[in-house]
Amino acid sequence: QVQLADSGGGLVQPGESLTLSCAASRSIASINIMGWYRQAPGKERELIAVINYSGSTIYAESVKGRFTISRDNAKNTMYLQMNVLKPDDTAMYYCAARPSLTRDLTYWGQGTQVTVSS
């Protein structure tokens with residue numbers, strides 16, 4: 001069992017940056033896959049970034065080149081650095097963790113709202 005607490009959302013203007021954090025209740029060193037999802041009103045939930053235990057990453061095309069996912073195992077925390085934010089990035093953002101690829105079990109944060117508006 002692991003509890004995830006995501007934070008760092010807020011209201012920013014287009015072109016600005018924001019960093020989201022996902023703090024885990026225990027060590028994340030043994031968690032195989034961690035990532036970030038987002039969901040805007042009226043849209044499907046979108047997986048935007050994934051990082052595995054070795055640091056390999058995958059990004060959705062919509063955020064590639066602007067967002068960076070990372071994990072600091074010593075601090076039990078995962079991050080999402082978001083640069084050059086656009087109004088289309090407005091959504092509720094959720095962190096998630098899947099300890100094993102062989103078990104269908106995923107832990108979720110409560111969500112943090114990001115709003116990009118001028």
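Start by selecting Trp36, Leu80, Met82 and Tyr93: of the 29 residues in the largest nonpolar core, these touch the most other members. A nonpolar core here is a set of buried Ala, Val, Leu, Ile, Met, Phe, Trp, Tyr and Cys residues joined through side-chain atoms within 4.5 Å. Buried means under 20% relative accessible area, exposed over 50%, and partly exposed in between (1.4 Å probe, protein chains only). Now colour the strands that each supply at least two residues of this core: E3 (18-24), E4, E5 (46-52), E7, E8, E9 (91-98) and E11 (112-116). Strands (E, at least two residues) are DSSP runs numbered from the N terminus.

Two notes before moving on. This is a predicted model, in which local features need pLDDT of at least 70 and side-chain atom pairs count only at pLDDT 80 or more, while totals for chains, interfaces and linings use all residues. Residues are numbered from 1 along each chain as its sequence is written, and side-chain values use heavy atoms, leaving out hydrogens and water.

Next, select residues 67-72, strand E7: Phe67, Ile69 and Arg71 make up its covered face, and Thr68, Ser70 and Asp72 its uncovered one. Look across from Phe67 and you will find Met82 in E8. The two strands form a hairpin with four residues between them, and Asn76 in the turn has a positive phi of about 55°.

Step back to Arg66, in the loop between strand E6 (57-59) and E7. Is Arg66 buried or exposed? Arg66 is buried, at 11% relative accessible area. Its side chain reaches the backbone oxygen of Ser62 at 2.9 Å. Show its neighbours too: not counting residues up to four places away in sequence, Arg66 touches Gln81, Met82, Asn83, Val84, Leu85, Lys86 and Asp89, where contact means heavy atoms within 4.5 Å.

Now for the rings. The structure holds one aromatic pair. The ring centres of Tyr37 and Trp108 lie 4.9 Å apart with planes at 50°, so the pair is tilted (centres within 6.5 Å, using the six-membered ring of Trp; planes under 30 degrees apart are stacked, over 60 edge-to-face, the rest tilted). Tyr37 in E4 (residues 33-39) and Trp108 in E10 (residues 107-108) are 71 residues apart.

Finish on Arg45, which lies over the face of Trp108, 5.1 Å from the ring centre. Its charged end also sits over the ring of Tyr94, 4.6 Å from the centre (CZ of Arg or NZ of Lys within 6 Å of the ring centre and within 35 degrees of the ring normal).

Technical notes: Pairing = 2+ DSSP bridges. Polar contact = N/O pair within 3.5 Å; in protein donor to acceptor, adjacent residues only side chain to side chain.
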